[in-house]
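Here are my notes on the model, point by point. Please read them with the structure open.

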Amino acid sequence: MLTGDSLFVSSAGRPDLLGEKHTKELAEQQFHTLHDFYLKLPDHIMIYPNHGAGSPCGADIGARLSSTIGYERKFNKFLQFTDAKSFTDYAITSAPPVPHYYPLMKKVNAEGPKVLGNLPRVPGLPPKAFKEAIDKKAGVLVDVRTMLAFGGGHISGALNIAGTPILSIWAGWMLDPEKPILLVMENDDDLERIVRLFVRTGFTKFAGYLIGGMKAWDAAGFPLERIGQMSVHELNERKDSLQIVDVRSPGEWKKGHVPGAQHIFVPELAKRMAELDRNKPTAVYCGSGYRASIVASILKPQGFTDLWNVPGSWEAWKKAKLPVEGADNK
């Protein structure tokens, strides 16, 4: 069964994306789809959903790409309700925040996207020309290397959105598709793959990429910025003297967090940055470190000089059996 956007692994499609006026009606329809159709199928039927873990199109979608009706019948919370009202209440309260790029995607989906004919052209710029483009503000500087590579040395002002498949989602959250992108990659051979990830959420304007990556930048003698990396064990030892920022989604935060942490979901950072103390040593964590590195790359140019990202983040914290504050203690 190809379940599209209705039934996911450990989750279900959200009913709130057409606006509050339609949410209740769509939630009831979703309940009947799940209850009257899927739950009447035999347990052995395989399901293949249209979204996987990390997608904001459902609450806490499971990491597996397929499942069975039997497994979902037993473990999927969205399939445990026997009436539409309780299902609707749960579906609305569990839905993750609506990404900023969804209204744009809705318009593109309704009208149809531009036919590009080929991938957008991205000019290759040697270090000197790339630096001049940065100085002229020719584009938004985006570094798609891993969090550890970025932390070890990056160009001042770069936003770190690592080049995994969820780059498409976080580019949509954090960037304006009308502003060209200046791209820093690990290898020049990554260009086509990275551009495809950007194109998925409507990013087609590129001011250029750094030929030779950071190795060429280093060899040219241009300056570097660094962000420290702190293990979960060190974070636990030092937590009382740190400003700890949890940048996961509200749903993740409610399930438990590092004791004493402050919660600011990644997309809310711009409007809530004043809540943070630039002069206090700051450690940022998320689920794995990916989103924490996005936030750390934003905080660094804003004057947060005593700053660390936490590789492994909440996943590593839990596996290390370190103390948990919040719902997980109940």
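1. Is Ser 67 buried or exposed? Ser 67 is buried, with a relative accessible area of 3%. Bear in mind that this is a predicted model. Ser 67 sits in strand β5, which covers residues 67-68.

2. What surrounds Ser 67? Leaving aside residues up to four places away in sequence, Ser 67 touches Val 9, Ile 45, Met 46, Ile 47 and Glu 72. With Glu 72 there is also a polar contact between the side chains, at 2.6 Å.

3. On to the cysteines. The structure contains zero disulfides. Cys 57 takes part in none, and the nearest cysteine sulfur, in Cys 286, lies 20 Å away. A disulfide here would need the two sulfur atoms within 2.5 Å.

4. Both of these cysteines can be checked for burial. Cys 57 is buried, at a relative accessible area of 14%. Cys 286 is buried too, at 1%.

5. Where is Cys 286 placed? It is in the loop between β14 (282-285) and α13. Apart from residues up to four places away in sequence, the contacts of Cys 286 are Val 247, Arg 248, Arg 291, Ala 292, Ser 313 and Trp 314.

6. Helix α13 itself spans residues 290-299 and is mostly covered. Nine of its ten residues are buried.

7. How does α13 pack against α7? The axis of α7 (residues 167-174) comes within 12 Å of the α13 axis, and the two cross at roughly 35 degrees. The crossing is right-handed. From α7, the residues in contact are Leu 167, Trp 170 and Met 174. From α13, they are Tyr 290, Arg 291, Ile 294 and Ile 298. By class, this contact has six nonpolar residues, no polar ones and one charged.

8. One residue links two of these points. Arg 291 touches Cys 286, and Arg 291 also belongs to the contact of α13 with α7.

Conventions
Residues are numbered from 1 along each chain as its sequence is written. This is a predicted model: local features need pLDDT of at least 70, side-chain atom pairs count only at pLDDT 80 or more; totals for chains, interfaces and linings use all residues. Side-chain values use heavy atoms; hydrogens and water are left out. Buried means under 20% relative accessible area, exposed over 50%, partly exposed in between (1.4 Å probe, protein chains only). Helices (H or I, at least four residues) and strands (E, at least two) are DSSP runs, numbered from the N terminus. Axes are lines fitted to C-alpha atoms, for helices over the stretch in contact, and angles run from 0 to 180 degrees between N-to-C directions. A crossing is left-handed if the near helix is turned anticlockwise from the far one by less than a right angle, and right-handed if clockwise. Contact means heavy atoms within 4.5 Å. Ala, Val, Leu, Ile, Met, Phe, Trp, Tyr, Cys and Pro count as nonpolar, Asp, Glu, Lys and Arg as charged, and the others, Gly among them, as polar. A polar contact is a pair of N or O atoms within 3.5 Å; within protein, one must be able to donate a hydrogen and the other to accept it, and residues adjacent in sequence count only if both atoms are side-chain atoms.
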